Amino acid sequence: MSALTYLVLTRLKNTLVSLFHKPAQLLYVLFLIAMFTFAAWGNRNSEPLQTPRSLVELAAIVTGLYLFLFLYTVWNGFSRGGSIFSLSDVNLLFLSPTSRTRILFYGLFRQISTVLFLGFFIFYQYFWMRNLYGIPFSVIVAAFFGYVAVLFLGQVTAMTIYTFTSNNEPLKKALKAITLLLFILLVSWLGWNAVTSPDGWLAGLTGAAVRLPVCLFPIGGWLGWAFSSALGLGPWWPGVLLSVLALALLIFLLTHFEQDWYEDVLRTAEMAQSAIAAKKEGNLEAAPGKVRMGAIGLTQGWGASAFYYKHKIENRRGGLLLLPPLTLIFAVVLIVAAFFMREGGLLPFLFLSFYLQLFSSSQSRLNKELNKPFVYLVPEPPFSKLLQCLRELLPSAVAEAVLVFVPAGLILGLSPAGILICVFARISYTFLFQSGALVLERFWRGANKAVVFLLYFVILIAMALPGIALGVLLTATILPGGLLAGLLVAALVNLPVSLGVLYLLRNMLQYAEYTH
C-alpha cells in the first residue's frame, strides 16, 4: 500500500471511529441526517402549485449560481490561489519522498471531500423548489453534484492561475483582462435579451441564461448546461465532457510544466493560516492584505462609549463598504429569489431570509475585543461596556435589512408598513443571533466545532421560540393582520429576549477568566 493511500484510508477510519468516541460529533451527524430527511420527505404531503413555474427559471437560477461561484473563485486565484492544501499538508507531505503529482492528486481528493460537505445545504432548498416548480428529488441531487463540481474545478483553476501568474505580472494582467471581458460580454448578452424580449424582461433574462452563449461559458456555463438536462431541457453530455476535458487540461498544466507550485502552495497555505490566527486573536497586524489607515486616534467617546468609536474606526479601515462581501452576496441572492417565490407568498421568503441570515450576519467586533485586555480593564459597568461594543452592529444591521427587504418587499407586493415590519424583524433577529453567539462564547468557547454548530441552532431556536409562539397565539386569537402582525409581535419579543440574555452575560466583561 502506498503512503498516500494509507493516509487516506487511515484518515477515513479515524473519522468514523471518532464519531463513536465523541458523542458531540455523532449528534452533529445525526442532526444533519435528520435535516436531510426532513428536506427530502418532510413536505410530501404539501401540494405544489397547480401550475408550476417554468423550469427554465430554475435552470437559470442554478446556472447563475454556478457562474458566480466559478468567477468568484477564479478571481481570488489571481491573488491567493486555490486552497486545496492546508499548512499541515505543506509541513508533512511536501517533505516526504513522494512525487508532486501524487501529492497533487491527494490534494484534489481532499478538496472533493471538503466541497461535498459545503454543498450539503443545497438539499435544504428542496421544500420551496418543489412547491414552486414541482420537481422530483433527483433534480436537487443533480444540483448538488453540479455545485460540488463547480467549487472543485474553481479551486483547481484558481491554483493553476496562481501558479502560472504569481511571478509573471504581465500574464496576470492579461488573464484578469480576459476574465473581465468574458464577464462583461456575458452580462451584456443577458441584459440585451432581457431588454429586447417581447415576453418581458424576466422571461428574456431566464431564457437567455439557458442558451448557447451562456452554456459555452467555461465551467459554470458547462455545468449549468449539464444540470438543465435533469429538467429535460437538453442533453447532459456536452457540459460534462467539456468539464472533464478542462480538469484534464488543468492537471496536465500543473504536472508537465516546470512551474514550482510547491512555493505557491506554501505561500497560500501560510496566508490562510495567518488569516485564521488573525481572526481568532483579533490581531489586525497579522491579517494579510492591505489595511486602510486614514485618520488615526480616537476623537470621540468617553468611558464605555470609547469602544463604539474604536470599532467604527476599525470597520472603516476594514473596507470601503458598510457591509461585508458575503452579506452583499446573500442580499442579491434574496432579491433574485423574491422574483421566483412571489407566488408562494411572504412566508417561504421569510424562512429563506432568516436561514441565510445565520451565515451572513456579521459578527460584532466584541468577539475580537474579548481576546484583548482593554475591555476588561476599563473601569465601567460590564453591561454598559457590552452594549457599547454591540452598538456598532446597529448601522450594518439596518443597512442589511433595508437592502434586502425594500426591493424584495416591492417584488412581493408588500405595503410600506409591511416592508417596515420586515426590516424591523430582520434587525431584531440580527441582535438575537449575536446574543446567541455570545452565549456560546461565554460557556462553550474552544469546544468541538460540531458541538458549537449544534448548540448554536438549539440556542437560537430556544431564544426565538417565545416570540414565534406569542405571535402565532395572538394572531390566531385576538390580533388582526395575519402573518405581518405575528412577525411584528415576534420582533418586539426578540428585543427584550436579546437584552435579557446580554444582561445575564454582563459579567463576562468583568473578569477575563470568564471567557479565557
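Visitor: Which residues is lysine 385 in contact with, leaving aside its neighbours within four places in sequence?
Guide: Lysine 385 is in contact with Ala304, Phe307, Val375, Tyr376, Val378, Glu380 and Leu509. Keep in mind that this is a predicted model.

Visitor: And where does lysine 385 lie?
Guide: In helix H19, which covers residues 382-390.

Visitor: Is that lysine 385 buried or exposed?
Guide: Buried: lysine 385 has a relative accessible area of 2%, and the cut-off for buried is under 20%.

Visitor: OK, zooming out. How many helices and strands are there in the protein chain?
Guide: The protein chain has 23 helices and 0 strands. It runs to 516 residues, and 44% of them count as buried.

Visitor: What share of the contacts join residues at least 24 apart in sequence?
Guide: Among contacts between residues at least 6 apart, 77% do.

Visitor: What about the largest nonpolar core, how many residues has it got?
Guide: That core has 102 residues. Leu58, Tyr66, Ile135, Ile219, Phe349, Leu366 and Leu509 have the most contacts inside it. Helix H21, residues 416-443, supplies the largest share of this core, with 14 residues. Apart from it lies another core of 9 residues, including Leu71, Leu190, Ala208 and Val214.

Visitor: Let's pick on Phe349. What does phenylalanine 349 touch?
Guide: Not counting residues up to four places away in sequence, phenylalanine 349 touches Leu334, Ala338, Met341, Val404, Phe405, Ala408 and Leu412. Val404, Phe405 and Ala408 are among the buried residues of helix H20.

Visitor: What follows H20?
Guide: Glycine 413, whose phi is positive, near 80°.

Visitor: Now some helix packing. At what angle do H7 and H12 pack?
Guide: About 30°, with the axes of helix H7 (residues 137-165) and helix H12 (residues 237-256) 10 Å apart. The crossing of H7 and H12 is left-handed.

Visitor: Which residues in H7 and H12 meet there?
Guide: On the H7 side they include Phe152, Leu153, Val156 and Phe164, and in H12 they include Ser243, Leu247 and Leu250. By class, the contact of H7 with H12 has 9 nonpolar, 4 polar and no charged residues.

Visitor: And how do H7 and H8 pack?
Guide: H7 and H8 pack at an angle of about 145°, with their axes 8 Å apart. Ile161, Phe164 and Thr165 in H7 meet Glu169, Leu171, Lys172 and Leu175 in H8. This contact of H7 with H8 has 4 nonpolar, 1 polar and 2 charged residues.

Visitor: Last one: where is serine 197 found?
Guide: In the loop between helix H8 (169-196) and helix H9 (201-208). Serine 197 is buried, with a relative accessible area of 18%. Not counting residues up to four places away in sequence, serine 197 touches Ala203 and Gly204.

Definitions and conventions: Residues are numbered from 1 along each chain as its sequence is written. This is a predicted model: local features need pLDDT of at least 70, side-chain atom pairs count only at pLDDT 80 or more; totals for chains, interfaces and linings use all residues. Side-chain values use heavy atoms; hydrogens and water are left out. A nonpolar core is a set of buried Ala, Val, Leu, Ile, Met, Phe, Trp, Tyr and Cys residues joined through side-chain atoms within 4.5 Å. Buried means under 20% relative accessible area, exposed over 50%, partly exposed in between (1.4 Å probe, protein chains only). Helices (H or I, at least four residues) and strands (E, at least two) are DSSP runs, numbered from the N terminus. Contact means heavy atoms within 4.5 Å. Axes are lines fitted to C-alpha atoms, for helices over the stretch in contact, and angles run from 0 to 180 degrees between N-to-C directions. A crossing is left-handed if the near helix is turned anticlockwise from the far one by less than a right angle, and right-handed if clockwise. Ala, Val, Leu, Ile, Met, Phe, Trp, Tyr, Cys and Pro count as nonpolar, Asp, Glu, Lys and Arg as charged, and the others, Gly among them, as polar.
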